[in-house]
Amino acid sequence: MRRFNLMSTVLEQLGVEKERVRLEWVSAAEGTVFAKVINEFTEDLKRLGPFKEKSRVAAGGEG
Amino acid sequence: MVYGVEPTPTAKKLRELCYSAHMIHSHIAHFYALAAPDFVMGPDADPSVRNVLGVIGKVGLEIGGEVIKHRAYGQKIQAMLGGKATHPAWTKPGGVSKGLTEEERKEVEEMAKSCVGFSQFSLKLFEDVVLKNKAYVDLILSDGYKLVTNYMGLVDENNKINFYDGKVRVVDTEGKELFKYGPREYLEYVAEHVEPHSYLKFPYLKKFGWQGLKEGPGTSIYQAAPLARLNASDGMATPLAQEHYEKFYATLGGKPVHHVLAAHWARLVELLYAAERLLELAQDEEVTSPAILNIPTSVPKEGVGILEAPRGTLTHHYVTNEKGIVTAANLIVGTTNNNAPITMAIKKSAMAIIKPGMEISNGLLNMVEMAFRSYDPCFSCATHAILGELPLQVNVYDSEGELVKQMQRELM
Amino acid sequence: MKKITIDPITRLEGHGKINIFLNDSGAVENVYFAIPELRGFEKFCEGRPADQVPQIVSRICGV
Amino acid sequence: MEKTSFEPKIIGFLCNWCSYGGADLAGVSRLQYPPNVRIVRVMCSGRVDPTFVFKALSDGADGVLVAG
Amino acid sequence: MSKLKLASYWGAACGGCDVAILDIHEKIVDLSNAADIVFWPIAVDFKYSDLEAYEDGYIDVCLFHGAVRNSENEHIAKLLRQKSKVMVAFGSCAISGGIPGLANFKKKDDIFARAYFDSPSTQNKEKVLPVPVLQMPEGEIDIPEFYKDVKCLADVVDVEYYMPGCPPTSEQIWNVVLAIVTGQLPPAGSFVGCEDRALCNTCKRTKTDKKIKKFVRPHEIIVDPDLCLLEQGLVCMGPVTRAGCGNQCTGANTPCSGCYGPLSGVVDMGAKYISALASVVDADSPEEADKIISEVLDPAGTFYRYGLPGSLLRRAK
């Protein structure tokens with residue numbers, strides 16, 4: 001958890017939206033929870049748009 | 001930068017000691033490695049030997065060894081205090097992270113004594129190689145290497161040169177004081193102009209407005225660095241350097257000196273001052289006190305610090321939030337101050353040197369380069385985009401003019 | 001008009017170049033002195049802790 | 001912005017003992033969830049070093065799920 | 001055997017690497033006996049036109065320092081690559097972007113705006129900006145194009161060796177010079193002038209239990225000269241940083257800021273340090289852990305102090 005929170009701060013400073021990286025607790029018995037998580041996450045990401053093209057070009061730089 | 005705390009007296013002295021050592025390293029490096037090749041080897045020597053190795057070859061290993069040794073002293077003293085000679089990681093708000101032992105102090109004292117002697121030797125060498133050579137003297141005094149502007153430098157309460165603390169004094173083309181200002185007032189006196197053909201801005205005296213690259217009385221252009229510091233002061237705070245200061249003006253026809261190449265001589269006068277000051281500090285018993293840090297307690301906010309880097313006056317201005325995270329920074333550094341003067345000096349020298357019908361030789365072009373080399377320019381600094389060498393220490397004042405904090409620079 | 005370029009200028013710290021324009025008679029018409037570099041310290045100091053700034057800005061110049 | 005055709009790539013680091021079982025169950029139960037997630041099974045979510053997350057993002061993932 | 005030919009050049013740099021080379025002091029004479037310096041702008045008068053005139057492979061070893069910030073840096077890097085048998089990325093900036101790489105936290109337009117429009121001392125009502133190509137009455141003049149991103153040397157040319165440090169220590173420089181002149185360089189792709197272990201391994205400070213209740217900033221405490229700096233609550237990059245610097249900073253009671261870059265095997269310095277730092281937090285509850293962690297200011301700027309362009313994510317959006 002502490003690692004996750006520190007990582008979130010770093011990612012945020014690097015311009016990665018908080019919503020792109022999720023930590024969830026799902027037990028082996030919670031198939032429905034898992035499906036729900038993936039559904040929500042996919043929707044969130046569709047709203048945010050692609051990560052790469054917005055932010056960085058591989059070895060980018062020109063211009 | 002902006003913490004309400006004054007470093008302990010020991011910390012201040014240690015920072016100045018370290019800074020004096022830095023000046024010694026930098027001025028020696030510039031004079032011998034960057035400037036001397038033009039005089040010792042000659043302006044039109046073969047480029048493959050017109051460098052520090054050529055100089056060592058010509059003056060001999062013995063003198064070369066002395067040059068290397070004393071520059072090494074400057075670096076060693078910095079490393080002794082700051083861990084490393086370049087980019088020491090040592091100063092912090094309220095003081096420094098490591099003190100000086102009595103044993104180290106003695107070592108510094110010995111090195112300082114040796115540096116004083118070496119500085120005097122360097123001045124003698126300049127006299128022998130340059131001042132006794134009529135061709136060089138004529139070159140220094142020629143119109144092609146003359147630029148009439150205002151001058152800027154940091155001075156103490158007696159208007160003596162100080163690298164580390166004091167007020168900025170600006171004198172006009174006649175050497176008369178135009179104004180003297182403290183760090184927090186810099187925006188009232190200095191402004192910067194942008195030109196599309198260079199990434200480096202052009203500072204000028206705000207009061208006179210930007211008038212383009214124009215020299216002479218009434219110009220808004222000013223110069224910084226050794227020649228400017230000598231011109232903007234009334235003398236040196238140490239006795240031997242003061243003697244040479246007087247000799248400098250007696251020889252070159254009084255203040256101010258507008259001859260660009262005279263900066264090399266001025267640099268050596270400063271070298272002697274830095275060595276003498278280093279010795280004074282090394283003999284001050286307070287430098288070995290363990291009281292090296294005052295822990296800041298107040299909330300940081302905004303500060304401006306000014307000091308003299310080897311290459312000119314540094315102004316650093318920072319604003320922080322309540323956690324001490326920087327929210328805005330503005331920097332006018334050493335060489336940035338000299339952007340306009342260097343541009344003008346190069347143009348003047350080119351016009352004087354290159355005449356119709358001449359073959360444009362390498363030596364001729366090098367003589368154009370000599371105009372900027374005199375300024376010991378550092379364009380890395382200048383284009384920090386903005387700020388130059390970091391001050392060893394910067395005094396930060398709040399809006400009421402109270403000293404809020406001193407910040408350190410790490411060796412230039 | 002003839003252009004002579006000195007690039008890079010040497011025995012100094014950093015980058016610089018000189019463009020000298022000669023007119024048809026071979027006399028110097030004008031000289032441009034350009035600094036080709038910019039690093040942007042003023043901007044990227046933003047966000048850094050003030051106590052770290054001396055260590056960062058010392059990298060403006062290491063000479 | 002045209003987002004309708006965009007199908008985000010998700011990398012999911014799933015714990016063998018918990019969420020991987022959950023994902024398996026979701027599959028076995030034929031629950032509907034989008035095909036956007038690529039699963040990497042780890043023996044414990046504690047094994048997921050931040051480096052994995054950074055690497056996934058730099059290699060083209062649009063989102064990363066760490067599930068214990 | 002003919003003398004070796006060496007070149008040294010700076011991209012976006014501060015000159016500190018050049019000074020570190022000069023700091024081999026009297027050995028500079030030995031160096032000049034063993035090798036000819038055929039390009040070194042800070043000290044020697046060869047121009048780009050001389051460099052262009054050299055045959056390909058003329059230079060035996062090129063020490064390239066500084067980051068690739070603009071089109072000139074890239075152009076000269078490529079030219080030097082063509083003229084050099086061996087290319088060394090010398091110092092943090094060339095290897096991973098270094099301090100100038102912190103600019104990858106910002107956008108080009110914002111950097112320009114701050115420098116040329118918004119700085120309080122700048123007077124620029126006409127909003128003049130430097131432009132790469134300019135027509136003057138006398139003819140065309142140009143300056144390099146300032147890139148959007150800071151790049152590492154290896155992003156633009158092939159590199160044989162990596163020599164870390166900001167700057168590399170002069171002792172290590174001399175070791176590497178000796179290896180060069182005696183032809184004893186390790187296999188291409190190696191890091192040279194450093195050790196293959198963590199800085200903590202070469203640190204003489206006493207280490208006990210790493211359990212941190214509170215992170216502090218260097219000016220907030222009187223540092224104990226004998227105890228592990230991390231255990232004193234200072235954010236010290238020692239656990240993930242490559243050794244070889246001689247512990248200069250920690251020796252001066254200052255935490256390591258990571259200039260020698262990540263240990264071999266560490267893919268991303270910041271990501272690895274997140275793990276390292278989180279593991280030493282001593283909290284009884286998630287809330288307390290959060291509170292302790294939140295005292296680490298500017299974590300990205302601290303963990304990627306010298307290496308944002310060389311990190312996995314390369315820049316902030």
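**Helix α2 of chain B and its setting**

At the start of α2(B), the side chain of B:Asn51 places an oxygen within 3.0 Å of the backbone nitrogen of B:Leu53. The model is a predicted one, and the values that follow are computed from it. The helix itself covers residues 52-59 of chain B, and its buried residues are B:Val52, B:Gly54, B:Val55 and B:Ile56. These buried residues pack against two helices of chain B, α1 (9-41) and α3 (61-82), and also against α2 (27-34) of chain E, so that partners from both chains are found around α2(B), because contact here is counted for heavy atoms within 4.5 Å. After the helix comes B:Gly60, which has a positive phi, near 100°.

Chain B contains 13 helices and 13 strands, and 68% of its 412 residues are buried. Its radius of gyration is 21 Å, which agrees with the value near 22 Å that a compact globule of 412 residues would have. Taken along the principal axes, the C-alpha atoms of chain B fill a box of roughly 70 × 50 × 35 Å. When contacts in chain B with a separation of 6 or more are considered, 68% of them join residues 24 or more positions apart.

As for the neighbours of chain B, seven pairs of chains are in contact, and among these chains B and C share the most contacts. Chain A, by contrast, does not touch chain B, the nearest C-alpha atoms of the two being 14 Å apart. Chain D does not touch chain B either, and there the nearest C-alpha atoms are 25 Å apart.

Chain E, which supplies one of the helices packed against α2(B), also meets chain D, in a contact that takes nine residues from chain E and seven residues from chain D. Together these two chains bury about 720 Å², with 74% of that area on carbon and sulfur atoms. On the side of chain E, the residues that lose the most area to chain D are E:Ala271, E:Leu312 and E:Leu313, which together make up 57% of what that side buries. One salt bridge is found across this interface, and in it the side chains of E:Lys272 and D:Asp49 meet at 3.3 Å, N to O. By class, the side of chain E that touches chain D has six nonpolar, one polar and two charged residues.

Notes:
Residues numbered from 1 in each chain as written. Chains lettered and ligands numbered in written order. Predicted model: local features only at pLDDT ≥ 70, side-chain atom pairs only at ≥ 80, totals over all residues. Heavy atoms only, no water. Buried area = accessible area lost by both parts, 1.4 Å probe. Salt bridge = Lys/Arg side-chain N within 4 Å of Asp/Glu carboxyl O. Nonpolar A, V, L, I, M, F, W, Y, C, P; charged D, E, K, R; others polar. Helix = DSSP H or I, 4+ residues; strand = E, 2+ residues; numbered from the N terminus. Rg over C-alpha atoms; globule rule 2.2 N^0.38 Å. Buried < 20%, exposed > 50% of the residue type's maximum accessible area, 1.4 Å probe, protein only. Polar contact = N/O pair within 3.5 Å; in protein donor to acceptor, adjacent residues only side chain to side chain.
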